[in-house]
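Work through the exercises below with the model open. Each task is followed by a solution in steps.

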Amino acid sequence: PKDFEYNSTPATSGPHQPTPLAPAVWAVYDDPVPQLKLVHNLEHGGIVTQYGPEVPPATVEAILAWYREDPNGLVVGPLPDALIEAEDSLSNRIALTAWTHLQTCERFNEEAYSDFVDTHRGDGPEAFPIEALAPGAQ
């Protein structure tokens with residue numbers, strides 16, 4: 001919606017891409033995914049991990065290795081420039097989002113990230129079975 005502001009950066013709930021337009025494909029992205037799509041993924045019980053441009057490449061590689069261990073219901077990619085401009089502190093941070101939950105950090109911590117996923121994956125208001133959120137699915 002035009003002129004709508006989410007209550008967090010990045011968004012954890014609110015307006016999103018409606019059906020029949022689909023959420024983002026569950027995958028790793030090299031380019032930022034519009035928040036309007038990602039909020040739809042969160043609504044379906046997914047977890048989104050986004051990182052700023054100053055996050056070291058080795059950290060991004062660690063996130064990708066973590067993702068490959070258990071990718072169902074996960075989207076990983078860079079934060080959009082507009083979010084970095086709106087919230088400069090995100091340029092060197094990693095943001096994990098679930099429906100109505102946001103966690104940001106400067107470093108990758110596999111245990112903490114896995115705990116976030118275990119706690120929140122599948123908890124969206126229109127949650128799908130986790131096995132239905134396999135990489136490549138919408």
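**Exercise 1.** Does R93 count as buried or exposed, and at what relative accessibility?

Solution. The model is a predicted one. Step 1: the relative accessibility of R93 is 18%. Step 2: buried means under 20% relative accessible area. Step 3: R93 therefore counts as buried.

**Exercise 2.** How many salt bridges does the structure hold? Describe the one formed by R121.

Solution. Step 1: the structure holds 2 salt bridges. Step 2: R121 bridges to D70, with the closest N and O atoms 2.6 Å apart. Step 3: R121 lies in the segment after α4 and D70 in the loop between α2 and β2, 51 residues apart. Step 4: R121 counts as buried at 15% relative accessibility, whereas D70, at 37%, counts as partly exposed.

**Exercise 3.** Which element gives the largest share of the largest nonpolar core?

Solution. Step 1: this core has 17 residues, and W66, I94 and Y113 have the most contacts inside it. Step 2: the elements giving two or more residues include α2 (57-69) and α4 (110-120). Step 3: the largest share, 5 residues, comes from α2. Step 4: a second, separate core has 8 residues, among them W26 and V48.

Notes. Residues numbered from 1 in each chain as written. Predicted model: local features only at pLDDT ≥ 70, side-chain atom pairs only at ≥ 80, totals over all residues. Heavy atoms only, no water. Core = buried A, V, L, I, M, F, W, Y, C linked by side-chain atoms within 4.5 Å. Buried < 20%, exposed > 50% of the residue type's maximum accessible area, 1.4 Å probe, protein only. Helix = DSSP H or I, 4+ residues; strand = E, 2+ residues; numbered from the N terminus. Salt bridge = Lys/Arg side-chain N within 4 Å of Asp/Glu carboxyl O.
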